[in-house]
Amino acid sequence: MSEPTIKIKEIEELLGLESSGDERWFLRLSNYDDAGLDSIVFAQDQSAFEKALASSAGLIFAPMGSAHKHDSRVFPVKDPKYAFALCGRWLDGFASMVIHPTALIDAAASVGYGTSIGAGAVIEAGAIVGENCFIGSNVTIYGCAEIGDYVVVQAGAVLGAMGFGYVRGEDGSYVRFPQQGRLVIEDDVEIGANTTIDRGALGETRIGRGTKIDNQVHIGHNCRIGKNVIMASQVGISGSCVVEDGAVLAGQVGLGDHVSIGPGVILGGASGVFPGKRLEGPGQMFMGVPAEPLKDYLKTIARVRRLKGRD
Amino acid sequence: MSEPTIKIKEIEELLGLESSGDERWFLRLSNYDDAGLDSIVFAQDQSAFEKALASSAGLIFAPMGSAHKHDSRVFPVKDPKYAFALCGRWLDGFASMVIHPTALIDAAASVGYGTSIGAGAVIEAGAIVGENCFIGSNVTIYGCAEIGDYVVVQAGAVLGAMGFGYVRGEDGSYVRFPQQGRLVIEDDVEIGANTTIDRGALGETRIGRGTKIDNQVHIGHNCRIGKNVIMASQVGISGSCVVEDGAVLAGQVGLGDHVSIGPGVILGGASGVFPGKRLEGPGQMFMGVPAEPLKDYLKTIARVRRLKGRD
Amino acid sequence: MSEPTIKIKEIEELLGLESSGDERWFLRLSNYDDAGLDSIVFAQDQSAFEKALASSAGLIFAPMGSAHKHDSRVFPVKDPKYAFALCGRWLDGFASMVIHPTALIDAAASVGYGTSIGAGAVIEAGAIVGENCFIGSNVTIYGCAEIGDYVVVQAGAVLGAMGFGYVRGEDGSYVRFPQQGRLVIEDDVEIGANTTIDRGALGETRIGRGTKIDNQVHIGHNCRIGKNVIMASQVGISGSCVVEDGAVLAGQVGLGDHVSIGPGVILGGASGVFPGKRLEGPGQMFMGVPAEPLKDYLKTIARVRRLKGRD
């Protein structure tokens with residue numbers, strides 16, 4: 001495995017720019033404090049840009065039109081933070097692929113080429129893990145799970161446990177409804193530490209391509225999560241919910257069962273949606289329990305607090 | 001191990017019916033899309049029943065009095081979903097018992113006959129696990145835990161960790177209060193993935209027979225949870241709470257310490273109860289933070305939103 | 001390893017008292033029901049004190065000035081519960097240090113003297129764990145983590161996973177922002193089961209000395225948590241938050257990103273703070289979403305509920 005480096009030429013390719021013929025190369029990404037000639041930093045605005053110039057960084061991604069263009073360290077780009085992230089992904093490509101000898105991969109499971117699996121991770125019989133994935137230590141992947149390519153699953157996550165469905169008998173005791181469906185995780189999904197995603201009861205649970213899920217999120221059985229959805233930590237999604245493409249769920253959001261969230265909807269932190277409801281509106285933000293459009297929520301807060309003057 | 005099958009005769013026994021002498025048998029449960037002559041489906045109402053009839057299912061549990069009784073596939077029962085779940089439990093009985101060779105069972109722990117234990121699960125010295133349990137991969141059961149029979153513990157759950165109790169010294173630092181009690185899980189309890197239940201501090205924490213607990217639930221030290229209680233995902237129960245028989249706690253409910261929930265009480269999603277409070281009323285639903293009876297909660301929401309017209 | 005005992009002389013030393021020459025010794029701490037001549041109990045008030053006297057305990061920590069001083073079992077102290085906890089810490093010192101043979105400690109990780117590590121715990125290459133720590137079973141410590149001395153990490157916790165930071169491209173897909181920083185856990189920190197604490201993105205995440213964290217807490221990347229902070233179960237802290245010394249966060253509290261909590265602030269259960277906000281006031285309690293001072297919160301609740309009479 002060669003030492004990780006990124007050349008100006010490679011950066012230009014990542015950003016779809018013509019080659020300038022510049023032959024410099026860099027070893028790492030850094031913040032300003034820790035910068036050196038071997039590192040790249042980024043500046044998203046003018047104030048950050050001045051700090052970046054004062055650092056020892058070897059290359060500075062800066063907004064188009066930034067001053068100091070005569071400084072050869074300045075590399076103007078449309079979105080400096082995005083350029084920086086693309087370089088991170090490039091450098092990640094140098095990470096070596098390792099299946100830890102203590103990973104517990106059943107002989108009847110399938111693991112694709114280029115996939116790393118951490119110590120003590122369990123891949124049960126029947127599970128399919130794609131190529132170039134990163135599966136953390138102590139992860140459990142049940143046999144009902146089918147994982148795409150370039151999927152990241154951090155330590156302690158549990159994929160494909162039985163969902164929470166019971167039928168109550170006349171004596172008040174509960175019998176589990178069959179939990180025998182599949183879990184499908186599409187390509188480029190990332191899943192945080194100790195997150196749990198349950199298998200379908202009879203059908204499937206599906207997480208769409210490119211969706212990013214933080215730590216300690218719970219997704220119940222038979223949910224259908226779209227593409228490029230964002231779920232921050234401790235979000236809880238009850239069974240049979242639909243979350244469409246590009247939605248954003250902030251931390252601790254809760255959805256009752258059979259909730260439907262339209263494409264591009266944004267749910268603010270700790271907001272909640274009652275069972276069976278649907279929220280829609282690309283880019284529209286909702287807040288509170290039960291969740292209402294942001295401007296209504298802010299008015300509600302203000303009015304309730306104004307009540308204080310009345311007693 | 002024989003192939004899993006369920007005969008009409010066995011279904012009749014499960015449901016307490018007299019034998020009809022029908023000798024058909026089935027291999028699996030399914031939804032309508034995936035149905036075949038070898039599968040059983042259920043229809044809870046007339047609309048579902050029509051879909052079921054249009055499917056290729058070999059047997060259809062349908063409500064008493066459903067039309068099409070002349071179709072030999074129709075099996076009328078009092079509660080079709082419940083009958084379907086009972087068949088699921090029957091077929092589960094064919095699952096083979098396996099203690100995975102990498103399960104880490106201390107020589108001073110005890111594991112009953114018929115119990116399955118997943119890869120990487122840890123059963124520490126002193127722990128007692130009953131018969132016919134299913135312990136998932138990467139579960140940790142501390143030595144203070146006593147687990148009954150027919151208990152299901154899904155992957156990543158932690159049973160019997162030290163509770164969260166500290167005493168503050170004059171210098172502002174904290175000293176842990178002794179956490180040396182037991183954890184008792186009675187028969188037929190089911191526990192979800194990555195759930196945590198702490199041992200008692202000096203006494204015990206106890207989960208009553210038949211209680212079902214979803215993923216990522218936390219139950220603190222010295223709690224006493226009754227029988228046939230339901231706790232959906234991400235419920236958080238502080239120390240020394242009592243939850244009586246048949247209560248239902250929806251997702252993300254939070255109880256402060258020393259809360260008491262009466263038998264059969266229903267707490268809606270994300271509702272919260274302040275420390276030391278008691279809620280009562282079998283079948284009564286509470287919502288909000290602090291939780292109030294559902295009809296009061298709905299009035300509160302309506303009135304607050306009506307305020308909007310006043311400015 | 002000698003049998004755990006604590007002598008009166010040792011108790012006097014723990015409490016900073018002069019030696020009385022009393023030569024009695026005890027084997028354990030207990031509650032009243034389970035007390036014996038070999039056990040110590042405590043009574044925090046007069047009512048408890050009477051129950052303690054009626055028990056079979058060999059020694060009773062009681063408030064200064066308690067009656068029955070002529071009973072040689074009564075040991076008056078300034079804070080009986082604190083004295084009891086100090087004895088617990090003393091007896092903990094007899095626990096034997098064990099690195100379980102199945103703990104997966106990378107050859108390039110460092111573990112200090114006197115540290116116990118549970119079965120299946122994973123300590124990755126580069127991680128540094130100090131002396132006299134207790135690391136539970138199935139814990140994962142990534143290579144970016146530096147753990148101090150006398151740190152307790154309960155089962156299933158994940159320390160040092162990548163944080164949740166992404167940059168959105170023009171096509172709506174997300175690229176991970178580099179997550180390559182460190183996680184520093186100072187001395188005497190205690191961390192609950194299945195808790196997750198992420199590494200810094202470029203800089204570090206830091207948990208200050210003496211801070212106590214319950215089960216299923218999430219702390220995001222680049223947070224700076226002070227000393228002697230308390231976080232109860234299911235607290236969720238977004239990225240780049242600051243929580244200063246001595247703050248107390250009750251269960252299910254949520255902080256948006258870049259929130260700052262001043263020293264000694266108390267946040268009630270399930271309260272939430274919007275991104276970028278700061279709360280201050282040592283000993284001041286805040287409640288609700290968004291969190292407001294307790295007296296305002298209680299007025300808000302009362303006024304909203306009084307609205308009910310108006311329709």
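This is a predicted model: local features need pLDDT of at least 70, side-chain atom pairs count only at pLDDT 80 or more; totals for chains, interfaces and linings use all residues.
Residues are numbered from 1 along each chain as its sequence is written, chains are lettered from A and ligands numbered from 1 in the order in which they are written, and side-chain values use heavy atoms, with hydrogens and water left out.

Chain C is likewise superposed on chain A by a rotation of 120 degrees with 0.0 Å of shift along its axis (RMSD 0.0 Å). These two copies are thus related as by a three-fold rotation axis.

The contact between chain C and chain A (heavy atoms within 4.5 Å) takes 52 residues from chain C and 50 residues from chain A. About 4,000 Å² is buried between the two chains, 55% of it on carbon and sulfur atoms; buried area is the accessible area (1.4 Å probe) that two parts lose on being put together, summed over both. C:Phe164, C:Tyr174 and C:Arg303 supply 17% of the area that chain C buries against chain A, more than any other three residues.

Three salt bridges are counted between chain C and chain A, a salt bridge being a side-chain nitrogen of Lys or Arg within 4 Å of a carboxyl oxygen of Asp or Glu. In one salt bridge, C:Glu170 meets A:Lys78 at 2.8 Å, N to O. In another, the closest N and O atoms of A:Glu190 and C:Arg176 are 3.1 Å apart. A:Glu190 lies in strand 20 of chain A and C:Arg176 in strand 18 of chain C, so the pair joins two chains; strands (E, at least two residues) are DSSP runs, numbered from the N terminus. Both A:Glu190 and C:Arg176 are buried, that is, under 20% relative accessible area (1.4 Å probe, protein chains only). A network of salt bridges links A:Asp92, A:Glu190, A:Lys212 and C:Arg176.

Within chain A, A:Arg206 forms a salt bridge with A:Glu186, with 2.9 Å between the closest N and O atoms. A:Glu186 is buried, with a relative accessible area of 17%.

Key:
Copies are superposed by least squares on the C-alpha atoms of residues with pLDDT of at least 70 in both. Buried means under 20% relative accessible area, exposed over 50%, partly exposed in between (1.4 Å probe, protein chains only). Helices (H or I, at least four residues) and strands (E, at least two) are DSSP runs, numbered from the N terminus.
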